[in-house]
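Please read these points with the model open beside you. They go through one part of the fold at a time.

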Amino acid sequence: MFFLIEYNQNERIEMMTKAPDVFYWLPCAVVFVSTAHGDKRDIMTATAMFVSEKEPLLMISVAKDHLTEQLINRSGKFTLVIAGEDHRKLAVQVGSTKGEAADKFEKFSIPSASEATGNAPVPPGAAAWMVCDVESSQDIKGYRLFIGRVVDQHDTGNPPLVWQKDKFLGLKPL
């Protein structure tokens, strides 16, 4: 089955999925996982959720054996970046390119600020970012789930980007 993600009125990208409708209906924050170790760095579009309201724990899911997973395993940390409304195109770009093939920051001319987050760059315009130390991980059917403890964070005040029913959406107060 093919579906379209619309990231502006004139540009579309086809993606293939066999996911049941529940994944189509479930709204998600668009997030990036930014990682770095040594002279390598990567950024990818991902999924994330909070694990606990009592402790600052988050969970992300990344494909096994991809550069992002390797860098997280080596460094023991990752930065979760909540995409801003202007990151529609970037979400598609970094989500459809493997880090092993190219430095995505160079390929897509992504300026980045990493002073506050250590090595892991954060694209300008992000809604927020959270630096996490890995608490644990679990392999599951070709993916690795990482639970990270938030050790630093910043809310930029920019509105976040959300994805639901094949479309990117913004959030507005009710």
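**Notes on the predicted model**

1. Arg 149 and Glu 55 form a salt bridge, with their closest N and O atoms 2.7 Å apart. The two residues sit in distant parts of the chain: Arg 149 is in strand β9, Glu 55 is in the loop between β5 and β6, and 94 residues separate them. Keep in mind that this is a predicted model. Arg 149 is partly exposed, at a relative accessible area of 25%, and Glu 55 is also counted as partly exposed, at 37%.

2. Arg 149 has another partner. Its side chain meets that of Glu 135 in a salt bridge of 2.9 Å, N to O. Arg 149 belongs to strand β9 and Glu 135 to strand β8, so this pair ties together parts that are 14 residues apart in sequence. Glu 135 has 45% relative accessibility and therefore counts as partly exposed.

3. How many salt bridges are counted? The count comes to 9 salt bridges. One of them joins the side chains of Lys 64 and Glu 69, at 3.5 Å from N to O. Is Glu 69 buried or exposed? Glu 69 has 2% relative accessibility, and because the cut-off for buried is under 20%, Glu 69 counts as buried. Lys 64, by contrast, is partly exposed at 23%. Lys 64 and Glu 69 also belong to a network of salt bridges that includes Asp 139 and Arg 144.

4. Glu 69 leads on to helix α2, which covers residues 67-75. The buried residues of α2 are Leu 67, Thr 68, Glu 69, Leu 71 and Ile 72. Which strands do the buried residues of α2 pack against? They pack against β4 (31-37), β5 (40-52), β6 (57-63), β7 (77-82), β8 (128-140) and β9 (143-155). Just after the helix, Gly 76 takes a positive phi of about 75°.

5. Strand β4 is one of the strands that α2 packs against. Why is β4 described as largely enclosed by the rest of the structure? The reason is that 6 of its 7 residues are buried. As for its pairing, β4 and β5 run antiparallel and are joined by 7 bridges. Ala 36 has Arg 41 in β5 as its bridge partner. The two strands make a hairpin with 2 residues between them, and Gly 38 in the turn has a positive phi of about 60°.

6. β4 also pairs with β7. These strands run antiparallel, with 4 bridges joining them. Here Ser 34 stands opposite Thr 79 in β7. When viewing the strands, remember a general point: in a regular strand the side chains alternate between the two faces of the sheet.

7. Ile 140 lies in strand β8. At 45% relative accessibility, Ile 140 counts as partly exposed. Ile 140 and Lys 64 are 76 residues apart in sequence, while their C-alpha atoms are 9.0 Å apart in space.

8. A last point concerns the cysteines. How many disulfides does the structure hold? The structure holds 0 disulfides. Cys 28 is partly exposed, at 26% relative accessibility, whereas Cys 132 is buried, with a relative accessible area of 0%.

Key
Residues are numbered from 1 along each chain as its sequence is written. This is a predicted model: local features need pLDDT of at least 70, side-chain atom pairs count only at pLDDT 80 or more; totals for chains, interfaces and linings use all residues. Side-chain values use heavy atoms; hydrogens and water are left out. Buried means under 20% relative accessible area, exposed over 50%, partly exposed in between (1.4 Å probe, protein chains only). Contact means heavy atoms within 4.5 Å. A disulfide is a pair of cysteine sulfur atoms within 2.5 Å. Two strands pair if DSSP finds at least two bridges between them. A salt bridge is a side-chain nitrogen of Lys or Arg within 4 Å of a carboxyl oxygen of Asp or Glu.
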